[in-house]
Amino acid sequence: MHEMALSESMILIIEQEAVRQRFDRVKTVCLEIGVLSHAEPEAMGFCFEAVSRGTVAEGARLEIQRPPGEAWCMDCAGTIEIARRFDPCPRCGGHQLQVTGGEELRVKELEVV
Ligand SMILES: [Zn+2]
């Protein structure tokens, strides 16, 4: 499961922050998982909990935000919303799309004690 590796790298980032900002307990972790990213929020929640054991993020509440998929359609010359990466433009049915949002996969905020 690649969510496990993603969670591990996120924990690593949090642990580095803990050293830099001198905190030793995280209360809430806010994750941004765009709908076009390759991670499943449910699997992320499960894996995050597993890999956070014994770290500063153990027992932290996980808050997951889902930025919508957004793309620029060259034919419409406008921003449209898409649910999946290779979806056609909902306005014109075109495939000349450039993804501009929804690929986020990062630790957005930490609430520390
Ligand atoms: Zn279009």
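**View 1. Helix α1 and what covers it.** The buried residues of α1 (2–21) are covered by elements that include β1, α2 and β6 (105–112). The model is predicted: local features need pLDDT of at least 70, side-chain atom pairs count only at pLDDT 80 or more, and totals for chains, interfaces and linings use all residues. Residues are numbered from 1 along each chain as its sequence is written. Helices (H or I, at least four residues) and strands (E, at least two) are DSSP runs, numbered from the N terminus. Buried means 20 or more other C-beta atoms within 10 Å of the residue's own; exposed means 12 or fewer; partly exposed lies in between; C-beta atoms are placed from the backbone. In α1 the buried residues are E3, L6, S7, M10, I11 and I14. They sit on the same side of α1, because they cover an arc of only 140 degrees around the axis. The arc is that of the directions from the helix axis to the C-beta atoms. The other side of α1 carries the exposed residues H2, A5, S9, L12, Q16, V19 and R20. An α-helix has 3.6 residues a turn, so residues three or four places apart point the same way.

**View 2. Length and end of α1.** The 20 residues of α1 should span 28 Å at 1.5 Å a residue; the end C-alpha atoms are 29 Å apart, which agrees. The expected span is 1.5 Å times one less than the number of residues. After α1 comes R22, with a positive phi near 55 degrees.

**View 3. Helix α2.** From first C-alpha to last, the 12 residues of α2 reach 16 Å, close to the 16 Å expected at 1.5 Å a residue. Its buried residues are M44, C47, F48, V51 and S52. Their arc is only 125 degrees around the axis, which puts them on the same side of α2. Exposed E42 and A50 lie on the face turned away from the buried side. Cover for the buried residues includes α1, β1 and β2 (61–65). Just after α2, G54 has a positive phi of about 80 degrees.

**View 4. Two nonpolar cores.** A nonpolar core is a set of buried Ala, Val, Leu, Ile, Met, Phe, Trp, Tyr and Cys residues joined through C-beta atoms within 7 Å. The largest has 14 residues; I14, V29, M44 and A57 touch the most other members. α1, β1 (26–33) and α2 (41–52) each give two or more residues to this core. Leaving aside residues up to four places away in sequence, M44 touches E3, L6, S7, L31, I33, A39 and I64. Contact means C-beta atoms, placed from the backbone, within 7 Å. Another core, of five residues, lies apart; A71, C73, I82 and C89 are among them.

**View 5. The open sheet.** Three strands run in the order β4-β3-β5, with antiparallel pairing. β4 (78–82) and β5 (97–101) are the edge strands, each pairing on one side only. The twist averages 40 degrees from one strand to the next. Axes are lines fitted to C-alpha atoms, for helices over the stretch in contact; angles run from 0 to 180 degrees between N-to-C directions. Strands pair if DSSP finds at least two bridges between them. β3 (residues 69–73) and β4 share five bridges. C73 stands opposite G78 in β4.

**View 6. H95 beside the sheet strands in sequence.** H95 lies in the loop between β4 and β5. With 12 C-beta neighbours inside 10 Å, H95 counts as exposed. H95 and C73 are 22 residues apart in sequence, and 7.8 Å apart in space, C-alpha to C-alpha.

Key. Two residues are in contact if their C-beta atoms, placed from the backbone, lie within 7 Å.
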